[in-house]
Amino acid sequence: LTSYALKRADGGLSVLLINKDLQRSTTVTVSVDGYHFATKGTRYEYGKVAMDAKKEIIETPIEGLGSTFTVEVPRYSAVAVVIPKAQ
């Protein structure tokens, strides 16, 4: 699994998780020091599961975000979690 994170120009946070395993999905625990972001965001998924569903990118809401949260990353796919700044 490869991960990247960045603080967005709009004050939000983006986390990109890439699972290179062809056989197994993985559940990742994400921890953010000094968390000052919303508890709801958007999850974008691209990879084998999306292609099998005949979709390019699957977009779904994600809730329960905080200083620590978990994300399932399907096999051979990339998942981006976009979290807005706290209101």
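Visitor: In which strand does Asn19 lie?

Guide: This is a predicted model, in which local features need pLDDT of at least 70 and side-chain atom pairs count only at pLDDT 80 or more, while totals for chains, interfaces and linings use all residues. Residues are numbered from 1 along each chain as its sequence is written, and side-chain values use heavy atoms, with hydrogens and water left out. Helices (H or I, at least four residues) and strands (E, at least two) are DSSP runs, numbered from the N terminus. In that numbering, the strand that holds Asn19 is S2.

Visitor: Is Asn19 buried or exposed?

Guide: A residue counts as buried under 20% relative accessible area and as exposed over 50%, with partly exposed in between, using a 1.4 Å probe and protein chains only. The relative accessible area of Asn19 is 5%, and therefore this residue is buried.

Visitor: The backbone oxygen of which residue lies 3.3 Å from a polar atom of the Asn19 side chain?

Guide: Contact here means heavy atoms within 4.5 Å, and, leaving aside neighbours within four places in sequence, Asn19 is in contact with several residues, including Leu1, Arg24, Val73, Pro74 and Tyr76. A polar contact is a pair of N or O atoms within 3.5 Å; within protein, one must be able to donate a hydrogen and the other to accept it, and residues adjacent in sequence count only if both atoms are side-chain atoms. The backbone oxygen that lies 3.3 Å from a polar atom of the Asn19 side chain belongs to Pro74.

Visitor: Which residue of S7 is the bridge partner of Asn19?

Guide: Two strands pair if DSSP finds at least two bridges between them, and S2 and S7, which run antiparallel, are joined by 7 bridges. Within S7, the bridge partner of Asn19 is Ser77.

Visitor: Which residue of S2 stands opposite Ala5?

Guide: Strand S1, which covers residues 2–7, pairs with S2 in the antiparallel sense over 6 bridges. Thr2 has Ile18 as its bridge partner in S2, while the residue of S2 that stands opposite Ala5 is Val15.

Visitor: What is the phi of Gly11 in the turn between S1 and S2?

Guide: S1 and S2 form a hairpin, with 5 residues between them. Gly11 is in the turn of that hairpin, and its phi is positive, at about 95 degrees.

Visitor: How many residues does the largest nonpolar core have?

Guide: A nonpolar core is a set of buried Ala, Val, Leu, Ile, Met, Phe, Trp, Tyr and Cys residues joined through side-chain atoms within 4.5 Å. In the largest one, the residues with the most contacts inside the core are Leu17, Val30, Val71 and Ile83. Strands S2 (13–19), S3 (26–31), S6 (68–73) and S7 (77–83) each supply at least two residues of this core. The number of residues in the core is 16.

Visitor: Which residues form the aromatic pair?

Guide: Rings of Phe, Tyr and Trp (its six-membered ring) pair if their centres lie within 6.5 Å; planes under 30 degrees apart count as stacked, over 60 as edge-to-face and the rest as tilted. The structure holds 1 such pair, which is edge-to-face, at 5.3 Å centre to centre with 75 degrees between the planes. One partner is buried at 16% relative accessibility and the other at 12%; the two are Tyr35 and Phe37.

Visitor: Which residue meets Glu45 in a salt bridge?

Guide: A salt bridge is a side-chain nitrogen of Lys or Arg within 4 Å of a carboxyl oxygen of Asp or Glu, and by this rule the count comes to 3. Among them are Asp10 with Arg8 (3.3 Å, N to O) and Asp21 with Arg24 (3.0 Å, N to O). Glu45 is buried, with a relative accessible area of 8%, and the residue that its side chain meets at 2.9 Å, N to O, is Arg43.
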